[in-house]
There are 2 protein chains.
Amino acid sequence: MRDRRERCEGGGRDGFGGTHGPQDTDGPRAVHPPRRPSALLLRGVTSTALFTDRYELTMLSAALRDGTADRSCAFEVFSRRLPGGRRYGVVAGTGRFLEALTRFRFTDDEMASVAEFLTDETLDWLRTYRFSGDVDGYPEGELYFPGSPILSVRGTFAECVILETLVLSIFNHDSAVASAAARMVSASDGRPLIEMGSRRAHEEAAVAASRAAYIAGFSATSNLEATRRHGIPGAGTSAHAFTLLHTDADGPDEAAAFRAQVDALGVGTTLLVDTYDITAGVETAVAVAGPELGGVRIDSGDLGVLARQVRAQLDDLGAPTTRIVVSGDLDEYAIASLRAEPVDVYGVGTSVVTGSGAPTAGMVYKLVEVDGRPVAKRSAHKESRGGRKRAVRLARRTGTVVEELVTAADAPLPSTDPYDAREVAVPLVRGGDVVATATVADARDLVAAGLTSLPWEGLGLSRGDAAIPTVFS
Amino acid sequence: MRDRRERCEGGGRDGFGGTHGPQDTDGPRAVHPPRRPSALLLRGVTSTALFTDRYELTMLSAALRDGTADRSCAFEVFSRRLPGGRRYGVVAGTGRFLEALTRFRFTDDEMASVAEFLTDETLDWLRTYRFSGDVDGYPEGELYFPGSPILSVRGTFAECVILETLVLSIFNHDSAVASAAARMVSASDGRPLIEMGSRRAHEEAAVAASRAAYIAGFSATSNLEATRRHGIPGAGTSAHAFTLLHTDADGPDEAAAFRAQVDALGVGTTLLVDTYDITAGVETAVAVAGPELGGVRIDSGDLGVLARQVRAQLDDLGAPTTRIVVSGDLDEYAIASLRAEPVDVYGVGTSVVTGSGAPTAGMVYKLVEVDGRPVAKRSAHKESRGGRKRAVRLARRTGTVVEELVTAADAPLPSTDPYDAREVAVPLVRGGDVVATATVADARDLVAAGLTSLPWEGLGLSRGDAAIPTVFS
């Protein structure tokens, strides 16, 4: 068992992948940059400017009219709480946001659509819109906690307010997926996870979900567009439909299906053995592919019991290196419950792309400063803290984090002795230009490092407090 | 109260909208077709072919190699159960799927991305791919129940199998949103609902969610791209940031913010009154705008209590026609709990775009027939029924539905006396060409008619059985 697992971790094929091409290896750094990044502009929406709520433009219109549009403002993104008693969140979406920001333009097509409810003054302003302010934020892949100021957007009211929806859509979605995925990764105890939930999510959200899951530590994705666009390693071999296709006048012929798959994809492929009878399926699989068969996949039933039975059967059949891939409604709890079983690879669908019960991260985009003055909503509920903030993460000398310290951005840092203090945010945009250069691989490294830095109780799956307190000083 | 509500239903401004342009009226049929439908091809992803799981192409490759790729197949889409004890689901996504199908093409860009794991034979096949088969399905907006065969895709194995992920991504997402939204619509008791959840969803999913919510009966959306792309009426005036912006050396100046908004958007606008103190906010709002003020919005606190207080205050201030818009974490239960309160318009965010606890509809795409023979997975769990099916909905003469009768597609219909029987599915694609012509407005009408056809208990929000049984004969 141990041998097989280490082989997986060592960058071997993922047990669920095809057999051709470099994408079938899933070492943790196997990120393939898109060959033609500029093609994004052709493939994606050309302008991102209408991923915007109408009220941002009506506010703009009113602010231009009364002369407040140019006031110097700071907006901050944060989440008041973590969903479902979770212990930490994972910031994801930064790279996608920065790319989307460069395409936030009101071309003739966008102008035509908003012209009917805006003044000419507003339309003229939009026509030449380029964000010219500054953005700082937690680097993608950084952990966050309740109240962590994960993004700071500064500029005129006008240029910042119209980014609200785009910012939140991207961070709320991607962080929700990455936050759930990271829990699955830590529950898997080092065994690879394949993201295969595209069919359970909007077709574009699925691509972003693949990216977020990979950042959180998943090994590969089923989604072809995620491989093309973001370089995420691909995986996948066959579904029940392929076995069922091999049905003729004499009835089902599982062996013919397996033979066809092995002929096309090689003996290293993973055969799906639960279409009819799992025991018979495993026997047929080894008979067809031989003991070098890469893997078998079980997609239904009691996965723990079945994994044990199939492991014993494979060993008896002289196929001790054939890996066992399990899938079928797995979430972090099911993954954890299979830790003691001879499972080599997890395939995870619905739960990861839907944030495992928390499909949105609950982040908000709040105006915190106007012309240097702190501002905040003051009525009951949903209270916010005014003023620009910065976060410092305190850690023991061992690296274990102990506190998220949030202070006013311009206040002197209080003594943090005896802890090490690290400023969490980094510059992302300066004067409208993207200055951050972090890649998906960098973000993935950061999640891995972040999980290592948590106190033990921070990795618990049960409901509880945040792994470290957020202290506002 | 009654007067105000009827004014809303009669197509007046929605109380949350701006003041310019036809999109501020939200009569139920006010669907504005996109001015340039062909622009979709420029704005959206040019090809949809990589919204696909890798295993569909590896199966294709294996099937081409062993000669089974051309077998005549039928795939069906259905959901085994309704989430969370719901009584019905709403089919949505049909229009988006048919549009996406026409763009499912492997251009050079897609070919380059998949070339590394596919054979030349497979690549040649993909290069000329056009779906040439037939599709039937429940019309968009039709209600569905557990096991309802909502889509039937027929053609060769090869041409059908590679559509699995695209089909499911679209139907699972859009139906999840429409199904949740329809419950909110029936809970609202005829008062208008505005979809304003874009910030809680992936930026593209948000556009599809707006469309699905509108189909389910919502009146308007905050999402500008949904207005452009799908013609959904737009709504939105201002956020707390606009009030906070009006802060100077003397402190907050809510009156200045209201004045700026009224100057720009007219007295028919909706002012957000809960930034500081609601009672003071309402007084200021009427003082600034006069008794003709269109509406006030309350976004926090106990909305029922506040709505009553604010209604009394507005009436006292001589503003009996000023409407009350409430928002802030509303779901179908919160909406229902406000039925007795003087609420005129609901703004709904997170819960509608995330399917109110069920962010995916759980639909599957199953191979049910090969060369005229029924096929089905047979092992434990997830059992499917083989063979092509058709659904007939039985109703009393009064129109109230009583049963979803599902039979083999080619079997004679059993007697359904004394009920009226209606074939549910309609032709969508014939020989690869889209033949369906239903619009978003048609789908919206169908949801409204469907909700009327349910037995009373079918509209219950509590957990329960499906509104009508699905009977397989």
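Residues are numbered from 1 along each chain as its sequence is written, and chains are lettered from A in the order in which they are written. In this predicted model, local features need pLDDT of at least 70 and side-chain atom pairs count only at pLDDT 80 or more, while totals for chains, interfaces and linings use all residues; side-chain values use heavy atoms, with hydrogens and water left out.

At the interface, 114 residues of chain B are in contact with 114 residues of chain A, contact meaning heavy atoms within 4.5 Å. The area buried between the two chains is about 9,600 Å², and carbon and sulfur atoms give 56% of that area. Buried area is here the accessible area (1.4 Å probe) that two parts lose on being put together, summed over both. R54(B), R199(B) and L224(B) supply 9% of the area that chain B buries against chain A, more than any other three residues. Across the interface of chain B and chain A, 14 salt bridges are found, a salt bridge being a side-chain nitrogen of Lys or Arg within 4 Å of a carboxyl oxygen of Asp or Glu. The side chains of E203(B) and R96(A) form a salt bridge with an N to O distance of 2.7 Å.

Over all chains, the structure holds 54 salt bridges. E142(A) pairs with R393(A) in a salt bridge whose closest N and O atoms are 2.8 Å apart. This pair links distant parts of the chain, 251 residues apart: E142(A) is in the loop between β3 (134-137) and β4 (143-144), and R393(A) is in strand β16 (residues 389-395). Helices (H or I, at least four residues) and strands (E, at least two) are DSSP runs, numbered from the N terminus.

In chain A, the axes of helix α8 (residues 164-187) and helix α9 (residues 203-216) come within 8 Å and cross at roughly 45 degrees. Therefore α8(A) is oblique to α9(A). Axes are lines fitted to C-alpha atoms, for helices over the stretch in contact, and angles run from 0 to 180 degrees between N-to-C directions. Angles under 35 degrees count as roughly parallel, over 145 as roughly antiparallel, 65 to 115 as roughly perpendicular and the rest as oblique. Residues of α8(A), including H173(A), D174(A) and V177(A), meet residues of α9(A), among them A205(A), A208(A) and R211(A). The residues of this contact divide into 11 nonpolar, 1 polar and 2 charged.

In chain B, helix α3 (residues 54-66) packs against helix α6 (residues 120-127) at an angle of about 110 degrees, with the axes 9 Å apart. The two helices α3(B) and α6(B) are therefore roughly perpendicular.

S356(A) lies in the loop between α16 (350-353) and β14 (363-370) of chain A. The C-alpha atoms of S356(A) and V177(A) are separated by 8.0 Å, although these residues are 179 residues apart along the chain.

Most residues other than glycine have a negative phi, and most peptide bonds are trans. D189(A), in the loop between α8 and β6 (193-195) of chain A, has a positive phi near 60 degrees. A cis peptide bond joins D417(A) and P418(A), with omega about 10 degrees, and another joins D417(B) and P418(B), also with omega about 10 degrees.

Note on methods
Nonpolar A, V, L, I, M, F, W, Y, C, P; charged D, E, K, R; others polar.
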